[in-house]
Amino acid sequence: MSTRLIGLVFAFMLAAVGCSREQNFDEKVLNLITPQKIKGFDPIYAADLYASNEIGKVYEGLLEFHYLKRPYELTPNLAESMPEVSADGLTYTFKVKKGVMFQDSKAFPNGKGRELKSDDFIYSIRRMADPKLQSTGWWLLDGKIAGLNEWRDKYASAEKVNYDEAVEGLKKIDDHSFQFKLTKPFPQFLYALAMPFTFAVAKEVVEHHGQEFQNYPVGTGPFKLEYFDNSNRIVYHRNPTFREKLYPSEGEATDEAAGLLADAGKKLPLVDKVIVSIVVESQPQWLNFQKGSADLLGVPKDNFDQAIVDGKNLHPDMAKKGIRLSMVNALDTTYVAFNHTDPLFKDNIKLRQAMSLAYDHVESNKLFYNNTATIAQSIIPPGISGHKKEYKNPYIGRNLEMAKKLLKEAGYPEGKGLPELNYETVGSTVSRQQGEFFAKNMADIGIKIRISTNTWPELVKKTNTKTAQMFGIAWGADYPDAENFFGLLFGPNESPGSNSSNYKNANFDKIFAQASIMQDGPERTALYEQLYEMAGNEVPWIYGMHRTSVTVYQGWVKNYKYIEFNHTQVQYLNADLEAKKELLKKF
């Protein structure tokens with residue numbers, strides 16, 4: 001989320017794990033799980049789903065996606081309303097809601113949080129641009145806000161960065177209104193303001209905690225951090241100074257019948273406490289769900305048949321317990337990335353093509369996704385304009401004869417002369433299995449693969465520093481526009497930006513730069529489709545799958561609806577304690 005770099009197996013897992021069968025009915029508690037450690041809570045480093053989900057509980061942005069409406073629709077959050085946009089599409093004027101308070105913190109005088117102001121947004125954007133901080137989200141605004149790149153470049157080698165120096169594109173009007181001025185039209189700009197990278201932080205808190213700021217989040221959001229142990233769990237309580245924000249009163253036509261409007265007009269958040277357990281392996285999660293100690297779980301691949309029958313329906317034994325099922329096509333793409341700073345991959349397209357043809361997508365779908373995924377032909381998932389349904393990638397589909405021929409033409413007949421290649425992944429069982437499957441596929445054409453396992457922060461560090469030779473990863477949409485995916489192959493977005501494979505193609509970059517400033521329409525769609533085919537034919541990655549999110553949740557969990565951009569979702573969830581008491585008798 002975020003840019004959201006996602007581990008191949010657990011991209012959409014949001015599960016609950018209890019330490020015992022004992023239940024607390026004195027307060028509404030959600031027990032969730034993250035399958036990976038996070039580095040911290042600093043929004044400017046929200047480069048993956050796991051960090052984004054935690055940051056979104058404490059911090060907020062000007063805009064967010066409406067929780068219930070589909071197609072996805074941006075709505076004001078900390079902004080009083082949607083911005084006024086100039087006729088040329090370059091100037092965005094925002095009004096900030098009055099009376100929004102930062103959470104209480106010892107960083108403020110007398111420990112009491114102060115009111116959110118325009119200055120906080122300007123300061124937070126400057127932090128993204130600060131060359132000393134090396135935000136993993138800088139790619140999002142790079143070259144887009146007037147004067148910001150010049151300010152960044154000026155202080156790249158200076159000892160100290162001057163945050164008080166005027167920047168043309170960041171203009172304060174008064175305490176509750178300010179303007180962004182862009183260098184060129186950027187139709188996706190408003191989407192950026194719903195991403196955690198741009199969430200508001202307070203200067204006093206940053207300066208008070210210094211290098212430890214990432215461990216002491218203080219935002220305006222619905223929950224306040226109570227406890228953080230990066231090897232065990234994270235605990236949040238309802239923010240007592242949270243403003244009046246109400247559950248939505250409208251959505252899709254089917255939402256009312258589904259019970260998703262029962263809490264319409266109620267003050268958020270709807271639960272008192274959130275406990276996030278850090279559990280890497282899926283089986284303990286599944287066991288807890290079966291016992292009724294878990295509230296919400298992305299179904300592990302090895303338990304799919306226990307939960308789903310006929311590939312799409314909830315197992316009757318689970319339905320009897322009040323458990324419910326959500327199956328939704330996700331806006332994501334899994335892939336094995338080549339690091340194009342390595343001459344092996346940068347200068348040898350036939351090697352990349354050979355490796356892609358050696359990969360068994362059909363078997364991968366069966367082994368790891370229970371045949372629920374769609375084999376990716378290129379970078380854009382179905383459901384986003386620019387996906388070309390009729391395009392079939394000539395290098396997707398296992399063909400060992402052609403793979404061996406291309407490998408020979410690449411200069412490595414039967415793999416001879418090619419050094420052992422290093423494949424980086426995370427340390428979960430399924431991720432290791434996926435790495436072993438990849439290595440076995442490559443061995444069939446004579447390519448040797450060494451598998452290196454990492455914690456999630458370790459893998460992110462390697463991709464950010466360009467030291468991972470190959471890695472298994474996925475990308476979930478930050479916003480519903482193909483530009484967000486094509487940016488993963490845009491040269492200037494190289495690491496630590498979203499282009500973690502460091503792919504560079506002058507023709508691709510030229511077309512992308514042209515399309516990225518165009519409004520939605522047939523002309524832009526034609527360019528997007530051109531990029532889609534180019535991304536497929538060039539094989540900058542070994543494309544994997546477009547996945548289906550398969551989630552089971554207990555009958556006492558209210559208001560669950562799959563949302564692609566889920567870092568703010570928890571505030572909308574509710575727990576029916578009376579229903580929980582009754583349903584637990586069935587476990």
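**Close-up views of a predicted model**

**View A. Asn-559 and its contacts.** Leaving aside neighbours within four places in sequence, Asn-559 is in contact with Tyr-67, Tyr-247, Gly-259, Leu-260, Asp-263, Leu-270, Tyr-572, Leu-573 and Asn-574. The model shown here and in the other views is predicted. Asn-559 belongs to the loop between strand 24 (557–558) and strand 25 (574–575). Is Asn-559 buried or exposed? Its relative accessibility is 4%, so Asn-559 counts as buried. The cut-off for buried is under 20%.

**View B. Helix 10 beside helix 12.** Helix 10 covers residues 349–358, and helix 12 covers residues 400–409. Their axes come within 8 Å. They cross at roughly 160°. Helix 10 is therefore roughly antiparallel to helix 12, since angles over 145 degrees count as such. The crossing of the two helices is left-handed. Which residues of helix 10 make the contact? They are Lys-350, Leu-351, Gln-353, Ala-354, Leu-357 and Ala-358. Helix 12 brings Leu-400, Met-402, Ala-403, Leu-406, Leu-407 and Glu-409. By class, the contact has nine nonpolar residues, one polar residue and two charged residues.

View D. Strand 10 runs over residues 233–238, and strand 11 over residues 273–278. The two pair in the antiparallel sense. How many bridges join them? There are five. Within this pair, Val-235 stands opposite Ile-275 of strand 11.

**View E. A cis peptide bond at Pro-71.** The bond joining Arg-70 and Pro-71 is cis. Its omega is about 0°. Where is Pro-71 placed? Pro-71 sits in the loop between strand 3 (63–65) and strand 4 (74–76).

**View F. A cis peptide bond at Pro-269.** From Leu-268 to Pro-269 the peptide bond is cis. Omega here is near -5°. Pro-269 sits in the loop between strand 10 and strand 11, the strands that pair over five bridges.

**View G. Asn-110, a residue with positive phi.** Phi of Asn-110 is near 60°. That is a positive value in a residue other than glycine. Asn-110 lies in the loop between strand 6 (91–95) and helix 2 (118–129).

View H. The loop between helix 11 (361–369) and strand 17 (374–375) holds Asn-371. Phi of Asn-371 is near 60°. Asn-371 is a residue other than glycine, and this phi is positive. Its relative accessibility is 52%, so Asn-371 counts as exposed. The cut-off for exposed is over 50%.

How values were computed
Residues are numbered from 1 along each chain as its sequence is written. This is a predicted model: local features need pLDDT of at least 70, side-chain atom pairs count only at pLDDT 80 or more; totals for chains, interfaces and linings use all residues. Side-chain values use heavy atoms; hydrogens and water are left out. Axes are lines fitted to C-alpha atoms, for helices over the stretch in contact, and angles run from 0 to 180 degrees between N-to-C directions. Helices (H or I, at least four residues) and strands (E, at least two) are DSSP runs, numbered from the N terminus. Angles under 35 degrees count as roughly parallel, over 145 as roughly antiparallel, 65 to 115 as roughly perpendicular and the rest as oblique. A crossing is left-handed if the near helix is turned anticlockwise from the far one by less than a right angle, and right-handed if clockwise. Contact means heavy atoms within 4.5 Å. Ala, Val, Leu, Ile, Met, Phe, Trp, Tyr, Cys and Pro count as nonpolar, Asp, Glu, Lys and Arg as charged, and the others, Gly among them, as polar. Two strands pair if DSSP finds at least two bridges between them. Buried means under 20% relative accessible area, exposed over 50%, partly exposed in between (1.4 Å probe, protein chains only).
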